[in-house]
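Reader: Hey, I'm new to this one. Could you walk me through it once it's up on the screen?

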Amino acid sequence: MDKKIYFFDTTLRDGEQSPGCSMNKREKLLLAKQLERLGADVIEAGFAAASEGDFESIREIAGEIKNSTVAVLARTVKSDIDKAYEAVKDAKKPRIHTFIATSDIHMKYKLKMTPEEVVKRAEEMVKYASSLVPEVEFSAEDATRSSTDFLAEIFDKVILAGAKIINIPDTVGYMTPDKFYEFIMEVREKSKYLDTVTISVHCHNDLGLGVANTLAALKAGARQFECTINGIGERAGNAALEELAMILKTRKDVYDFESNIVTEEISKTSNLLSSITGVYVQPNKAIVGANAFAHESGIHQHGMLSNPETYEIMTPESIGLKETKMVLGKHSGRHAFRDKIKSLGFDLKEEEVNEAFEKFKELADQKKTIYDSDIEVILTRGINGEDD
Ligand code: KIV
Ligand code: ZN
């Protein structure tokens, strides 16, 4: 099976749907260009029919982005697809991504359509979109609460109508990794044509399993996944791009795939998104949290100073950070303290180091964060004896 994995970034569409994360046209273009530098294979630029602002942003992104495919979302509604086409037609690599719900609950209460009507609509609209652009993606919204028989039927119809990518979204984040693996294998078995196109997944994080479910889907044959920077998105968000990229890089022994992601651009992309939206990631967030490469405890700091591999499975440089952060706090030891004072330019005798270390420990008991300036005060006052 093909080893190439396609990263479909939907920060500008699903990500923007998270509260507090809306972006203006200029900000979206800035982020799209950074996503292109990051190596995203597909950038979902927005939902053209949602607003005039969204439409204009997509048009601008479509005109500027050259290396990534630019996708635009549309319901399986002719006016949505026309709008999507107008927005994306100037892109070097355009894609229309059209969707309709396939679970009983969505068809009955939201769409108020019968399953037969849903299949007919999907087939007609995929055929129509395929007459406009070379690449059409079809999503079965709420796929993971849909019957696998029904999915196999609708997928076969839309593939014959021209869909090149079939997306299986876990819209409400209901799946678990084992179940998702079995689910995809079952749909593949029941469908005649699914294996002739690219299988994609789109995992929401309601149970905190977005990334784990995406990995299970890769094992089940998916070759595209949809994800967002910092994991933003509806409700609890989407699978986080940076986590997936670093899992594939760090555990190539488990996930032997190839991707275009330039991981050294991860930190920059995450920071750019946070500064645009004002929504910052929690400090202990994997890969991009402020503490992801910080070490405070004395034992860890000692280990790190002897050999970084003692406590780091990936280097900060691999995500574009300059270096590991040694955060001095009450758990830090003499070893790290000595290293820090050296880096601040102080060349002290052993007894001076010991004296300053005692003062530092006293301060660390009272203060959560010890800044370099705190240490400089301890060192200068201590050396000059002004505090005695
Ligand atoms: O969560 C979802 O089902 C979606 C689709 C539109 C792909 O965002
Ligand atoms: Zn979604």
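Predicted model: local features only at pLDDT ≥ 70, side-chain atom pairs only at ≥ 80, totals over all residues.

Reader: Got it. And how many bridges join E2 to E3?

Author: There are 5 bridges between strand E2, residues 42-47, and strand E3, residues 69-75. The two strands run parallel.

Reader: What do the strands close into?

Author: A barrel, made by 8 strands in the order E1-E2-E3-E4-E5-E6-E7-E8, with parallel pairing. From one strand to the next, the twist averages 25°.

Reader: Let's move to the helices. At roughly what angle do the axes of H5 and H6 cross?

Author: Roughly 25°, and the axes of helix H5 (residues 115-130) and helix H6 (residues 148-160) come within 9 Å. That crossing angle makes H5 roughly parallel to H6, because angles under 35 degrees count that way. H5 passes H6 in a right-handed crossing.

Reader: Which residues in H5 meet H6?

Author: On the H5 side they are Pro115, Val119, Ala122, Glu123 and Val126. They meet Phe150, Glu153, Ile154, Lys157 and Val158 in H6. Sorted by class, this contact has 7 nonpolar and 3 charged residues, and no polar ones.

Reader: And what about H6 and H7, at what angle do they pack?

Author: At about 50°, with the axes of H6 and helix H7 (residues 177-190) 9 Å apart. H6 is therefore oblique to H7. This crossing, with H6 passing H7, is right-handed. H6 brings Thr148, Asp149, Leu151 and Ala152 to the contact, while H7 brings Phe183, Glu186, Val187 and Lys190.

Reader: What's the class breakdown for the contact of H6 with H7?

Author: It has 4 nonpolar, 1 polar and 3 charged residues.

Reader: Now H1 and H10. Are they roughly parallel or antiparallel to each other?

Author: Helix H1 (residues 25-38) and helix H10 (residues 266-277) pack at an angle of about 170°, and their axes are 10 Å apart. So H1 and H10 are roughly antiparallel to each other. In H1 the contact is made by Glu27, Leu30, Leu31, Gln34, Leu35 and Leu38. Lys268, Thr269, Leu272, Leu273 and Ile276 are the residues from H10. By class, the contact of H1 with H10 comes to 7 nonpolar, 2 polar and 2 charged residues.

Reader: Last topic, the ligand. Which residues surround ligand 1?

Author: Asp14, Phe99, Ser139, Glu141, Asn167, Pro169, Thr171, His202 and His204 surround ligand 1. Strand E5 (136-141) and strand E6 (165-170) are the elements that give two or more residues to this shell.

Reader: How many residues in the shell around ligand 1 are polar?

Author: There are 5 polar residues in that shell, along with 2 nonpolar and 2 charged ones.

How values were computed
Residues numbered from 1 in each chain as written. Chains lettered and ligands numbered in written order. Axes fitted to C-alpha atoms, helices over the stretch in contact; angles between N-to-C directions. Helix = DSSP H or I, 4+ residues; strand = E, 2+ residues; numbered from the N terminus. Parallel < 35°, antiparallel > 145°, perpendicular 65-115°, else oblique. Left-handed = near helix turned anticlockwise from the far one by under 90°. Contact = placed C-beta atoms within 7 Å. Nonpolar A, V, L, I, M, F, W, Y, C, P; charged D, E, K, R; others polar. Near = placed C-beta within 6 Å. Pairing = 2+ DSSP bridges.
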